[in-house]
Amino acid sequence: MTDFVQAEVHGGIGYLTLNRPQALNALSLDMIRALTRTLDAWEGATDVVAVVIAGAGGKAFCAGGDIRFFHRAALAGDPLLDQFFVEEYALNYRIHRYAKPYIALMDGVVMGGGMGISQGARLRLVTDRTKMAMPETNIGLFPDVGGGWFLSRTPGRVGEYLGLTGAVIHAADALHAGLADAYLPANALAELQAAMRAATFATGDAVLDFIAARTAPHRAACNPGESQLAAQRDAIDADFAHATVPAILAAVSDREGDWAAQTAAMLRTRSPSMLCVTLEQIRRARSMELADELRMELDMMHGVFRHGDGVEGIRALAVDKDHSPKWQPARLDEVSRERVQAFFESPWSRAAHPLASL
């Protein structure tokens with residue numbers, strides 16, 4: 001185990017704790033490898049009937065990948081940059097296909113890579129502290145870790161809205177979007193964790209039943225119909241159904257009200273190239289199997305750090321922190337169809353693809 005991932009087994013449950021609170025539990029390659037090794041070992045272990053994953057520190061489940069590492073590795077031409085995404089996406093796929101109940105406690109910040117290790121869970125719990133997003137277009141990336149796959153399966157055009165804007169949503173929104181399964185207040189989640197550690201479980205179903213009994217009383221407190229996403233669904237479904245990002249931006253800009261103004265402002269600050277790439281990704285992903293979508297994402301990410309905005313976006317947000325990225329190109333109307341399609345061209349043959357075995 002790395003110091004940043006703790007693994008314990010108590011009463012039939014394997015507990016994984018991301019323990020890098022100073023970085024909001026952002027994932028390093030060592031952490032991805034530790035999670036993979038442990039899940040592999042526990043899948044065949046007779047003393048483990050279910051897995052529970054949580055974040056330490058009280059502020060975040062997982063804020064994403066280690067973007068400062070991405071920046072350093074890209075500038076240095078470090079082959080570990082590509083390897084990070086190969087192993088992360090393989091872990092994401094592993095979680096979606098895990099044989100035992102895998103339960104994600106999505107308390108606090110859940111963004112980017114944190115979504116990748118939670119969206120494949122059998123049970124996804126959110127709290128009053130949950131802050132969920134796929135904010136990649138803000139740093140010159142796209143919603144990866146299977147983001148195209150799970151965003152494209154949200155209702156209506158919610159996936160396009162969340163993927164393009166990177167908007168932060170909360171528990172009721174996550175439930176409305178189908179990105180979470182149940183709600184517990186943070187204090188009740190702590191009580192649930194303590195009760196689980198004090199119990200012994202013979203089957204994975206017994207773990208799921210135990211949690212269901214304790215989340216049921218809180219269902220009325222977090223009605224997905226009360227979400228901000230639900231309140232704006234008509235506008236989202238109308239505006240984000242347009243065929244191109246310029247058409248989406250024009251439709252939102254023509255709409256009155258605070259939501260429309262805020263949404264248009266967000267879109268105008270994002271990488272123009274990655275907005276167009278993300279829209280293409282989500283639209284393609286609707287008809288793709290998860291394994292194919294993850295392979296596509298690896299192809300895309302290969303391009304992002306070679307002829308995209310990834311290095312510049314991370315520099316502006318996390319390194320120099322000037323929040324003034326120099327996007328290339330700078331304007332939506334300068335993003336050609338050829339530039340967008342280049343991100344979907346694989347540098348590998350099908351047989352040689354690093355994720356060919358998924």
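Is Thr127 buried or exposed at 1% relative accessibility? Thr127 counts as buried, because its relative accessibility is 1% and buried means under 20% relative accessible area, exposed over 50% and partly exposed in between (1.4 Å probe, protein chains only). Before going on, keep in mind that this is a predicted model, where local features need pLDDT of at least 70, side-chain atom pairs count only at pLDDT 80 or more, and totals for chains, interfaces and linings use all residues. Residues are numbered from 1 along each chain as its sequence is written, and side-chain values use heavy atoms, with hydrogens and water left out.

Back to Thr127, then. Thr127 sits in the loop between strand 7 (123–126) and strand 8; strands here are DSSP runs of E with at least two residues, helices are runs of H or I with at least four, and both are numbered from the N terminus. Its side chain makes a polar contact with the side chain of Asp107 at 2.6 Å. For that term, a pair of N or O atoms has to lie within 3.5 Å; within protein, one must be able to donate a hydrogen and the other to accept it, and residues adjacent in sequence count only if both atoms are side-chain atoms. Leaving aside residues up to four places away in sequence, Thr127 also touches others, including Met106, Tyr183, Pro185 and Leu189, where contact means heavy atoms within 4.5 Å.

Strand 8 leads us to a sheet. Three strands make up this open sheet, in the order 4-6-8 and with parallel pairing. Strand 4 (60–62) and strand 8 (131–133) are at the edges with a single partner strand each, so one side of each has no neighbour in the sheet. Two strands pair if DSSP finds at least two bridges between them, and strand 4 and strand 6 (residues 109–111) have 2 bridges, in the parallel sense. Cys62 has Val110 in strand 6 as its bridge partner.

For an antiparallel pair, look at strand 1 (residues 5–10) and strand 2 (residues 13–18), joined by 6 bridges.

Finally, turn to helix 13. Trp259, Ala260, Thr263, Ala264 and Leu267 are buried in this helix. Seen down the axis, the buried residues fall within an arc of 125°, so they line one face of helix 13; the arc is that of the directions from the helix axis to the C-beta atoms. The face turned away from the buried side carries exposed Asp258, Gln262 and Arg268.
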